[in-house]
Amino acid sequence: MISVRKTVPAFADFNNRTLIQVENEHLLVFRRTPPGQSGASVLVVANFSTEPQPLNLLDGTRRAPLNVGLATDMVSVERPQLHEDMLTIPGLGYYWLTESR
């Protein structure tokens, strides 16, 4: 995680975090944007429950915080599984998602 974090401009500490409110109380979701908006943003999703938790990517906003269909987890380098705009985060798991082209 540390080596990935060091290579991603969005994780630089320039007060570049936006908290995203979601309905699921077990999840913390926020977006990190790179300084000057150049480069890819990162959607961080953390599950603080021991049980898998669903995240409705639209969650009342009608717009997903990023195109998760094109997103890759920066740590595992895998694409998470989606089911009808729902992402399941494993118990005590997390994703650092960024759009891959």
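A: Val45 has Tyr95 in E8 as its bridge partner. The model is a predicted one.

Q: Between which strands does the pairing run over 4 bridges, and in which sense?
A: Strands of a sheet pair through backbone hydrogen bonds, in a parallel or an antiparallel arrangement. Here strand E3 (residues 42–47) pairs with E8 in the antiparallel sense, over 4 bridges.

Q: What is the strand order of the open sheet?
A: The order lists the strands as they lie side by side in the sheet. The open sheet has 5 strands, ordered E1-E2-E3-E8-E5, and the pairing is antiparallel.

Q: Which are the edge strands?
A: An edge strand pairs on one side only, and here that applies to E1 and to strand E5 (71–73). From one strand to the next, the twist averages 25°.

Q: How many helices and strands does the protein chain have, and in what order do they run?
A: The count is 1 helix and 8 strands. Read from the N terminus, the elements run α-β-β-β-β-β-β-β-β.

Q: How many aromatic pairs does the structure hold?
A: There are 2 aromatic pairs. In one of them, Phe11 and Trp96 are tilted, with 4.8 Å centre to centre and 50° between the planes. The label follows because planes under 30 degrees apart would count as stacked and those over 60 as edge-to-face.

Q: Why does the pair of Phe11 and Trp96 tie together parts that are apart in sequence?
A: Phe11 sits in the loop between helix H1 (2–7) and strand E1 (17–19), whereas Trp96 belongs to strand E8 (residues 94–99), so the pair joins parts 85 residues apart in sequence.

Q: Is Phe11 buried or exposed? And Trp96?
A: Phe11 is buried, at 6% relative accessible area. Trp96 also counts as buried, with a relative accessibility of 8%.

Q: What is the geometry of the pair formed by Tyr94 and Trp96?
A: Tyr94 and Trp96 form a tilted pair, 6.1 Å centre to centre with 50° between the planes. Tyr94 is partly exposed, at 32% relative accessibility.

Q: What share of the residues in the protein chain is buried?
A: Of the 101 residues, 40% are buried. The accessible surface of the chain comes to about 6,500 Å², and 52% of that belongs to carbon and sulfur atoms.

Q: What share of contacts joins residues at least 24 apart?
A: Counting contacts between residues at least 6 apart in sequence, 53% join residues at least 24 apart.

Key: Residues numbered from 1 in each chain as written. Predicted model: local features only at pLDDT ≥ 70, side-chain atom pairs only at ≥ 80, totals over all residues. Heavy atoms only, no water. Helix = DSSP H or I, 4+ residues; strand = E, 2+ residues; numbered from the N terminus. Buried < 20%, exposed > 50% of the residue type's maximum accessible area, 1.4 Å probe, protein only. Contact = heavy atoms within 4.5 Å. Areas by Shrake-Rupley, 256 points an atom, 1.4 Å probe, with all protein chains shown as cover. Phe/Tyr/Trp six-rings, centres within 6.5 Å; stacked < 30°, edge-to-face > 60°. Pairing = 2+ DSSP bridges. Axes fitted to C-alpha atoms, helices over the stretch in contact; angles between N-to-C directions.
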